[in-house]
Amino acid sequence: MIVELNADERTRHEPIRVSVQNDVVMLAGRVRTPAARDAAAGIVRAIPAANDVCVALSVRTRALARHDRDDFVQIVAGLEPPAPRRRRRPSRMLALVNVAVLILVWLVLPVLTVIVGLPALPMLIAALMVTTGVIYTRPG
């Protein structure tokens, strides 16, 4: 196998590691071009003693960018999850309104409690509910 890879002009100068385990030939390394990767895989597959071939050769990024994606990469690309959606950040005006509402609630409710004579516990619960509603509300 190594002799055949060294004999071929396309793979002669590529750093390809060849190992065999349980009748499976494994090719590993980082080659310069997709053509070198395909040539190495074809050479090893043509050898009768190679029952199965595992091609773990990667192509350098610049060479891969110039080359069309192979079938496997295209299939896997269809299986990738969609990119997460970015959450929109609330505007400054909305943030100021939220702060104003919280200040108003925490200043007005105690005064109303004293002036009107409402029970303090329900007013405190109402203030806490408004606060959590403002904090956890996400603009849509």
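# Notebook: sheet, helices and salt bridges

Entry 1: The model is predicted, so I kept its limits in mind: local features need pLDDT of at least 70, side-chain atom pairs count only at pLDDT 80 or more, and totals for chains, interfaces and linings use all residues. Residues are numbered from 1 along each chain as its sequence is written, and side-chain values use heavy atoms, with hydrogens and water left out.

I noted what the element names mean. Helices (H or I, at least four residues) and strands (E, at least two) are DSSP runs, numbered from the N terminus. Two strands pair if DSSP finds at least two bridges between them.

Next I looked up the pairing of strand 2 and strand 3. They pair in the parallel sense, over 8 bridges. In general, strands of a sheet pair through backbone hydrogen bonds, either parallel or antiparallel. Here 3 strands form an open sheet in the order 1-2-3, with mixed pairing. Strand 1 and strand 3 (52–59) stand at the edges. Each has a single partner strand, so one side of each is left without a neighbour in the sheet. Neighbouring strands of this sheet are turned by 10° against each other on average, direction ignored.

I then checked helix 2. Helix 2 lies across strand 1, strand 2 and strand 3, and runs at about 165° to strand 3. Such angles run from 0 to 180 degrees between N-to-C directions, and axes are lines fitted to C-alpha atoms, for helices over the stretch in contact.

**Entry 2: Cys54.** I stayed in strand 3, where Cys54 is found. The scale: buried is under 20%, exposed is over 50%, partly exposed is in between (1.4 Å probe, protein chains only). Leaving aside neighbours within four places in sequence, Cys54 is in contact (heavy atoms within 4.5 Å) with Val24, Val25, Met26 and Leu27. I also looked up Val20, 34 residues from Cys54 along the chain; their C-alpha atoms are separated by 9.8 Å.

**Entry 3: two helices.** I turned to helix 5 (residues 92–116) and helix 6 (residues 120–136), which pack at an angle of about 180° with axes 10 Å apart. Helix 5 and helix 6 are therefore roughly antiparallel. The cut-offs: under 35 degrees is roughly parallel, over 145 roughly antiparallel, 65 to 115 roughly perpendicular, and the rest oblique. Among the residues that meet are Leu102, Val105 and Trp106 in helix 5, and Met123, Leu124 and Leu128 in helix 6. The residues of this contact divide into 14 nonpolar, 3 polar and no charged. Ala, Val, Leu, Ile, Met, Phe, Trp, Tyr, Cys and Pro count as nonpolar, Asp, Glu, Lys and Arg as charged, and the others, Gly among them, as polar.

**Entry 4: salt bridges.** How many salt bridges are there? I found a count of 4. The rule asks for a side-chain nitrogen of Lys or Arg within 4 Å of a carboxyl oxygen of Asp or Glu.

One of them joins Asp8 and Arg10 at 2.9 Å, N to O. Asp8 is buried at 17%, whereas Arg10 is partly exposed at 48%.

Arg12 and Glu9 also meet at 2.9 Å, N to O. Arg12 is partly exposed at 35%, and Glu9 is exposed at 54%.

Glu14 and Arg32 form a salt bridge at 3.3 Å, N to O. This pair links distant parts of the chain, 18 residues apart. Glu14 sits in the loop between helix 1 (2–7) and strand 1 (16–21), Arg32 in the loop between strand 2 (24–31) and helix 2 (34–45). Glu14 is buried at 11%, while Arg32 is partly exposed at 40%.
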